Amino acid sequence: FTRRTTGAKAPTPMWIQLSVEKDECSAKVEWRSPQLVKNLAVGKESFPLDSITAVRKVTSAQAEFFDSKGPSQREQETSFVVIADKKSVVFEANSQEDCEAWVNALQQAMEIYVKVLDQNRQKKLKDEKRQKEIEDRKASRDKRREEYAKAGMSNTARIMAQGGART
């Protein structure tokens, strides 16, 4: 893929991927230059998947990413735009099939996976709340035990000092 930026004369080669965090509560569309400096990616950027509002083929509305004439017929066939919050990124695929595959994949991810991510986040919050309740209850129980243990030990010691329990 290549990425087109406003005012750039030529598109920049990019790698693009959809990645999901280990806890499956968030996902993002990432892109970076294939260039590495000290084994680190150059120009790495991303959008959280749930912040993307649209993914579609390029139209004349994205003319600022192309030369003064706007996108050519081939560029319209092989380019797509990812719109998130207030930012747009235009990518150009090697073929129309690759472009359509990415547009479809990202749209499906938005439709299906965003719901799954939200459900996972809700479950994680519920689990964290439940874990906190359990820890609070345990702390309260330990505090009560400590209070009763002190009283119980002194009473037991006093009874034993008086000659034990009476029958």
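Modeller: Let's start with S51, which is buried, with a relative accessible area of 11%. Keep in mind that this is a predicted model.

Colleague: Where does S51 sit?
Modeller: S51 is in the loop between β7 and β8 (52-57).

Colleague: And what does the side chain of S51 reach?
Modeller: The backbone oxygen of P48, at 2.8 Å.

Colleague: Which residues is S51 in contact with, leaving aside neighbours within four places in sequence?
Modeller: Those are I83, A84 and D85.

Colleague: New topic. What is the strand order in the open sheet?
Modeller: The order is β3-β4-β7. That makes three strands, with antiparallel pairing.

Colleague: Which are the edge strands?
Modeller: β3 (15-20) and β7 (45-48). Each of them pairs on one side only.

Colleague: How many degrees are neighbouring strands turned against each other?
Modeller: On average 20 degrees, with direction ignored.

Colleague: How many bridges are there between β4 and β7?
Modeller: Four. Strand β4 covers residues 27-32, and its pairing with β7 is antiparallel.

Colleague: Which residue in β7 is the bridge partner of W31?
Modeller: That's E45.

Colleague: Let's look at S19. Is S19 buried or exposed?
Modeller: Buried. The cut-off for buried is under 20% relative accessible area. S19 comes in at 17%, so S19 counts as buried.

Colleague: In which strand is the place of S19?
Modeller: S19 belongs to strand β3.

Colleague: Which residues does S19 touch, not counting those up to four places away in sequence?
Modeller: S19 touches A27, K28 and E30. With E30 there is also a polar contact, side chain to side chain, of 3.1 Å.

Colleague: On to charges. How many salt bridges does a search of the whole structure find?
Modeller: The search finds 10 salt bridges. One of the salt bridges links the side chains of E21 and K28, at 3.9 Å from N to O.

Colleague: How accessible is E21, and how accessible is K28?
Modeller: E21 has 35% relative accessibility, so E21 counts as partly exposed. K28 has 25%, and K28 also counts as partly exposed.

Colleague: What about K124 and D23?
Modeller: Their side chains meet in a salt bridge, 3.1 Å from N to O. K124 lies in helix α2 (residues 96-161), while D23 lies in the loop between β3 and β4. They are 101 residues apart in sequence, so the pair ties together parts with that separation.

Colleague: Where do K124 and D23 fall on accessibility?
Modeller: K124 is at 36% relative accessibility, which counts as partly exposed. D23 is partly exposed too, with a relative accessible area of 38%.

Colleague: Which residue forms a salt bridge with D136?
Modeller: K132 does. The closest N and O atoms are 3.4 Å apart.

Colleague: Where do D136 and K132 lie?
Modeller: Both lie in helix α2. They are four residues apart, about one turn of the helix. D136 has 43% relative accessibility, so D136 counts as partly exposed.

Colleague: Last one. Which residues do salt bridges that share partners join into one network?
Modeller: E21, K28 and E30.

Methods
Residues are numbered from 1 along each chain as its sequence is written. This is a predicted model: local features need pLDDT of at least 70, side-chain atom pairs count only at pLDDT 80 or more; totals for chains, interfaces and linings use all residues. Side-chain values use heavy atoms; hydrogens and water are left out. Two strands pair if DSSP finds at least two bridges between them. Helices (H or I, at least four residues) and strands (E, at least two) are DSSP runs, numbered from the N terminus. Axes are lines fitted to C-alpha atoms, for helices over the stretch in contact, and angles run from 0 to 180 degrees between N-to-C directions. Buried means under 20% relative accessible area, exposed over 50%, partly exposed in between (1.4 Å probe, protein chains only). A polar contact is a pair of N or O atoms within 3.5 Å; within protein, one must be able to donate a hydrogen and the other to accept it, and residues adjacent in sequence count only if both atoms are side-chain atoms. Contact means heavy atoms within 4.5 Å. A salt bridge is a side-chain nitrogen of Lys or Arg within 4 Å of a carboxyl oxygen of Asp or Glu.
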